[in-house]
Amino acid sequence: MRRRLLALLAVLAGVTLALIGLEVSGAFSSSAPRSAPLLPPNVVALGADPHALQETPLGLGVSVGIDDRRDPSIAAVLRAAGVRVVRFGGLGSDDYDWETGCRYGDTGTQYECTGAPGKNGALDQFLRFAAQVGAQPIIVVNGEVDDPQQAARMVSFYERHCLPDLGRPGRPCMQPYWEIGTSPANWKHFAVPLAARLPEDAYTIQPDQYAALVVSYAAAMRRVAPCGNCLKIVADEWITGATDQSWTDAVTAIDTHYSPLLYSSSGPEPVPSVADIMTAAQNGFGGRPSIDTWLSDLRESLNQFSNGQHIGIMVGQWSIDANAAALQEPPVYAGYAQAVFAADLFVHFWQDAQPGGSNPLLLATQYPLSGSGQEPFDYATSLPRPATQVYALVDRYFGAHPLPLSLGDGLRRVGILAAAAVDDHRRASVLLVNSDQHHPHTLTLRGLPAGSRDLWWFEPDNAGNPGPLQHTRLTGSSLTLAPWAIAVLRVDQQQPLPAQER
Amino acid sequence: MATIMIRRVCAILCMLAALGAAFPLTAGTAHGRQGRAAVVVCGDPANQTAFQTGDTRVLVCPATVTSGQLIRFTVHTRRFAAVSVTLSYPDSTSSMTTGSANRQGVAILEAPVQYNPINRYVKAQFTVASTRLGHTDEVSGNFTIAQAAPLADVQLLARPRYLDRWCPAAPESCRVRDNATVLIRVQSTAGAQVSLSLQYPDGVPESCPNNNLTGTAFANPTGVYACELPVSFPPKSIGKGVQIQIIAQVSAGGFTVNRSLPMTLVIR
């Protein structure tokens, strides 16, 4: 009897020790939140997420305005960079009649025609461009005219001229996201036919009206789509102000636009400095919020709806400055600061992606594609600007499935930014940005699986342009980032699953 | 003797003719031109785009031109050919410029772009026709028009008379003492209509002379409108300082922009 009691006690002790061990290793990730253990100041620590690979990957891309250049040379750069999505239609989408290829101004008599579909129009050029890039399309239909049938005809046109999905057997049509209008809060001619517009039309559409519009567009477009209800519908974030919630079943994702700066060359404000650009996404600027606050506000709005948690988020237009239509942008926007801003924003996207949670971030596209300063390509020459080097680094080497990551206080203070992810082969990778323009910083990585570690990075050259993409193999867990260096470290070994998944 | 003299005169005239042909007094390039602004970027070959049909070759510069600016066509064709350039805009309107080639067969035609796009950029078409002795070569191509934003560079500046530098560039000039005179300057385009007022903290506006709700003034030929206003407010309402606003509305070519400039009014 005494022996049995001792044996029972021993078993109980063993089970207790095992439970303590599992708890310490973090296997019970679903338990109540605990305060994070203090990290040494210069450490970047990766966490593990057993669901990371099951979530929709986070894709980066570019948004192509109707007036953007769509040269094959631009497509080639984007293809080489591995850009995953391209969006058709920026702020001009609701002024554009896709069936005639004409755009309209504030009066019906003010129009410009640049080619109908089938006659080398803007839509034909976009589909050709998307095929050259090899990216999934997002197409914005004209919502302001309040004509669901023209949008349905556009779906039918796409099905006849679609981009084949080369990665799937039978090369079926690649299924785009279809977005219903852009920036409805700024519409001035709602429900007025394009050729009948007048300056005095000025009419602001209310969120409930926009919600009803989205539902009717979705119904008409899904009716003609071969895949029916699987057609992916995107609505502008204006819809989250609606009191009615019948739209939540119709919508796949919400589109939000983010630009922290708003500079006007004729205003009294000084030209934004490099320091302003470096801190803008992280802290906000001039009363405009940070990207973290921006996304968290949007999720809060979506949480008002009882069925809103499944809806994804896409940042359909991001740029340094909201004054994206400006033709005279400060030269500082076109310099290396552009690359650091883009990398900084991508780090935040990965940190804010909320995989497995409500309203995951699905994708982000930069807009516009070409222009005079902050755009990834120069309009006059089609030559790439610094942001394209970040796409080449992130899209090629960084994973699309976000992982949790912790950053030591010391690194945070000196301007090191970091995000972690796994790729489709479950290889862990870390995106690292040294936003300090003048000093190198050394950091130590923890939580990476054993295995050879590849590091790709670039930094500014002597002329202040992005230097070439460089590569090395790391043996230890410490590395030093040069001033303004942007790097991806990838472990050529599968990320181990947490204990409970084994 | 007379025959010799005639021969000498003929020889001199022949030499002068030969020298004239070898060293012409001008470059001899024929120009057809409208508008005033010069195309300053065409010295760089990177800004030129070449098109060719038959014996006629056309260099277009710049490839992207801002509305209202000149686009230059350098046409290499038959000598003395009549040359015309037609710009066709996306709203179906067009404009034409004509000229003729010189003895080297070169014509340089510059034409103002008379179309302002609805958005940032739009593509337009040009057609160059070169005609000589009943034979016509036509060269067509595209160029890009960038939207001009009239009044985009309007600047509103102000300073107390007792300081030399302008607010907002010099922050110290954005503070003005009570009972001082404020010099206000609006930089826009020649002939722009300017409406300007100074607003006190209690909402009472003070307009520049001849420039109130019933009358406006115009910028001078260099685009400057200037005015002086004495500033006076009860000292007990000023306390440690109150904000006054200078508000300008500038209109030109159907466009209107508003600018405001806050200043701090202090007792001393």
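**Notebook: a predicted model, chains A and B**

I began with helix H5 (residues 207–224) of chain A, which has 18 residues and reaches 26 Å from its first C-alpha to its last, close to the 26 Å expected at 1.5 Å a residue. The expected span here is 1.5 Å times one less than the number of residues, and helices (H or I, at least four residues) and strands (E, at least two) are DSSP runs, numbered from the N terminus.

I noted for my own bearings that this is a predicted model, in which local features need pLDDT of at least 70 and side-chain atom pairs count only at pLDDT 80 or more, while totals for chains, interfaces and linings use all residues. Residues are numbered from 1 along each chain as its sequence is written, and chains are lettered from A and ligands numbered from 1 in the order in which they are written.

**Entry: the helix and its surroundings**

Which residues of H5(A) are buried? I listed Tyr210(A), Ala211(A), Leu213(A), Val214(A), Val215(A), Tyr217(A), Ala218(A) and Met221(A), where buried means that 20 or more other C-beta atoms, placed from the backbone, lie within 10 Å of the residue's own, exposed means 12 or fewer, and partly exposed is in between. An α-helix has 3.6 residues a turn, so residues three or four places apart point the same way. The buried residues of H5(A) pack against helix H4 (148–160), strand E8 (177–180) and strand E9 (232–236) of chain A; a contact requires C-beta atoms, placed from the backbone, within 7 Å.

**Entry: two strands of chain A**

I looked next at strand E11 (residues 312–318) of chain A, which is mostly covered, with seven of its seven residues buried. Strand E10 (residues 253–258) of chain A runs parallel to E11(A) and is joined to it by six bridges, with Tyr258(A) opposite Trp318(A); two strands pair if DSSP finds at least two bridges between them. E11(A) also pairs in the parallel sense with strand E12 (residues 361–366) of chain A, over four bridges, and there Ile313(A) stands opposite Leu361(A).

Why does strand E21 (residues 470–474) of chain A lie largely in the open? Of its five residues, the number buried is zero, so E21(A) lies largely in the open. Strand E20 (residues 453–458) of chain A runs antiparallel to E21(A), with five bridges between them, and Leu455(A) has Thr472(A) as its bridge partner.

**Entry: the domains of chain A**

An automatic or database domain assignment supplies the bounds, giving domain 1 (37–51 + 404–501) and domain 2 (58–398) of chain A. Their C-alpha centres lie 30 Å apart, and the contact takes 22 residues from domain 1 and 22 residues from domain 2. On the domain 1 side, the largest share, four residues, comes from E17(A).

**Entry: one residue of chain B**

Where does Gln48(B) lie? I found Gln48(B) in the loop between strand E1 (30–33) and strand E2 (49–53) of chain B. Gln48(B) counts as partly exposed because it has 17 C-beta neighbours inside 10 Å. Not counting residues up to four places away in sequence, Gln48(B) touches Cys42(B), Leu59(B), Val60(B) and Cys61(B).

Technical notes:
Two residues are in contact if their C-beta atoms, placed from the backbone, lie within 7 Å.
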